Amino acid sequence: MHISDGILSAPVLIAGFIGTVAVAAYTLRQLDLDDIPKVSVITSVFFVASLIHIPIGPSSIHLILGGLVGVVLGIRAFPAIMLGIILQTILFGHGGVTVIGVNTMMLGGGGLMAYAVWQLRHHFNIKKKEMIFGGLAGAMGIFSSGIVLALSLVTTGEEFIATAWYTLIAHIPVMIIEALVVGSCAAFLAKVKPDALAGQLPLAPAVTATAAETTKPSNEDSPK
Amino acid sequence: MKAYHTKNKAIIAISWQPVRRCITAMATILLLVSPTAFAHKLNMFAYVEGNKIFAEGYFTDGKKAKNSTITVFDPDNNQLLQGISDKDGQFTFAIPKQSDLRITVNAGMGHQAEYLLLKNELSEETESALTTSIATASKSANANDNSDIQHTKSSQVTTNLDNDAMRTEIERAVGKAIKPLMRELSTMRSEKSLADIIGGIGFIFGLFGVAMYFKSRQQP
């Protein structure tokens, strides 16, 4: 899910760059020293994930894992995805240099949306909520990236509704597989190492923590 | 600063043990699944076959870019012609202009690739060769005796026909023979090896390492 060079018009490309720089500047300020090893590992996972194909029937798919990045890194997902996309563009020619901004908005935005869905789990008290909301977040990452993709293609004259439908239908298998992968990863991490996940509540008083969580979603897993 | 450093090290060493194992396992499995196939990147190649240009779009996993819009531009970015590829991702068209041609294929959903066909790859050469052969043939016909003229003419016509037929036949055969080569070449050009992936991961760790270095200097 990368847009190639030479499709989008200049205003869209510039808007993509401006949006990316703004969001990246904001999210990079939230990056603490303690987060960096985690962010770099997850960035590598994201970077590699979309290079590797899994054959399914006559076709093949590749994972995008924007959702997993969002679930593990929270809003730090954005700079992680940005770096991943820049390297994919330079080293593998995915997308193109002029579309780095739009592609980052598309996939990084998907990561942030996935994180938003992931945070909703605090409002539910059900069993296996890590798995359920991890799965939803995984699907949400793809879904919102598809919406951004369709939005940016509208400017080229492709009709929005049709493109959006086509894109979403084409990505349904990816969405399902990604939901399974992210869901099981989230459940696994919740079991073996809960504080590796983004937006985990501290073990102390739950009520106040929930309030703090919803107002300040940026501070979650930085152990001060 | 030293204390901070050791604290950090401890965090990494203790907390990432299971996660690291999980990631290593995942990466190994993924690499084993398909070591050579990479993402759904659209590629295309084009070449001249007689007085026609043959263009084909395909994804790196081997799927053809069917029903894609193929557009041809001249060096001044004027659109010369546009067409839709068939179910094999192929589109054949007559040479629209004797100049460098930029051919793009758009497979929808933001996939686009382009290919530059240089002027000297166009079939000028074959055309000139054809005219030369005709000229020499007619020259030799002029030199012949009048008595023989009827016979020569007919034989010359057949020779020309033979030449023509042979030429197209050869061109077709050569075209067919180099097609897999062209495909292989353009795949090789676009495909990257495991070394690039590992290099990319190295980049990521290196950049974050630099970031960590500067961050840790800022903090007392």
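Okay, housekeeping before we look around. Residues are numbered from 1 along each chain as its sequence is written, while chains are lettered from A and ligands numbered from 1 in the order in which they are written. Because this is a predicted model, local features need pLDDT of at least 70 and side-chain atom pairs count only at pLDDT 80 or more, but totals for chains, interfaces and linings use all residues.

Let's start with chain A. When I say helix, I mean a DSSP run of H or I with at least four residues, and a strand is a run of E with at least two, both numbered from the N terminus. Chain A has nine helices and two strands. Going along the sequence, the pattern reads α-α-β-β-α-α-α-α-α-α-α.

How confident is the predictor in chain A? Here pLDDT is the predictor's confidence in each residue, from 0 to 100. The average for chain A is 82, and 87% of the residues score at least 70. Within chain A, helix α5 (residues 100-119) has the highest confidence, at 93, and helix α9 (residues 206-215) the lowest, at a mean of 46. Over residues 204-224 of chain A, pLDDT stays under 50. The model has 26 contacts beyond four places in sequence for that stretch, a contact being two residues whose C-beta atoms, placed from the backbone, lie within 7 Å. As a rule, where pLDDT is low, the predicted coordinates should not be read in detail.

Now, the inside. I call a residue buried if 20 or more other C-beta atoms lie within 10 Å of its own, exposed if 12 or fewer, and partly exposed in between, with C-beta atoms placed from the backbone. Chain A has 224 residues, and 53% of them are buried. Take the contacts in chain A between residues at least 6 apart in sequence: 74% of these join residues at least 24 apart.

A nonpolar core, for us, is a set of buried Ala, Val, Leu, Ile, Met, Phe, Trp, Tyr and Cys residues joined through C-beta atoms within 7 Å. Which residues have the most contacts inside the largest core? They are A:Val69 and A:Val71, in a core of 74 residues.

Over to chain B and its sheets. Two strands pair if DSSP finds at least two bridges between them. One open sheet has three strands in the order β1-β2-β5, with antiparallel pairing. Its edge strands, β1 (42-49) and β5 (90-94), each pair on one side only. Strands β1 and β2 of chain B are antiparallel over eight bridges, and B:Glu49 has B:Lys52 in β2 as its bridge partner.

The other open sheet has four strands, in the order β4-β3-β6-β7 of chain B, and again the pairing is antiparallel. This time the edges are β4 and β7. Strands β6 (residues 101-108) and β7 (residues 111-117) pair over seven bridges. In that pairing, B:Thr104 sits opposite B:Glu114, and B:Gly108 opposite B:His111. The two strands make a hairpin with two residues between them, and B:Met109 in the turn has a positive phi of about 50 degrees.

Why point that out? Well, most residues other than glycine have a negative phi. B:Asn67, in the loop between β2 (52-59) and β3 (69-73) of chain B, also has a positive phi, near 50 degrees. B:Asn67 counts as exposed because it has 12 other C-beta atoms within 10 Å. Then there's B:Asn77, with a positive phi of about 65 degrees, in the loop between β3 and β4 (79-84) of chain B. B:Asn77 is exposed as well, because it has 7 other C-beta atoms within 10 Å.

Last stop: B:Arg167, in helix α4 (residues 149-190) of chain B. Buried, exposed or partly exposed? B:Arg167 is partly exposed, because 15 other C-beta atoms lie within 10 Å. B:Arg167 and B:Gly50 are 117 residues apart in sequence, and their C-alpha atoms are 8.7 Å apart in space.
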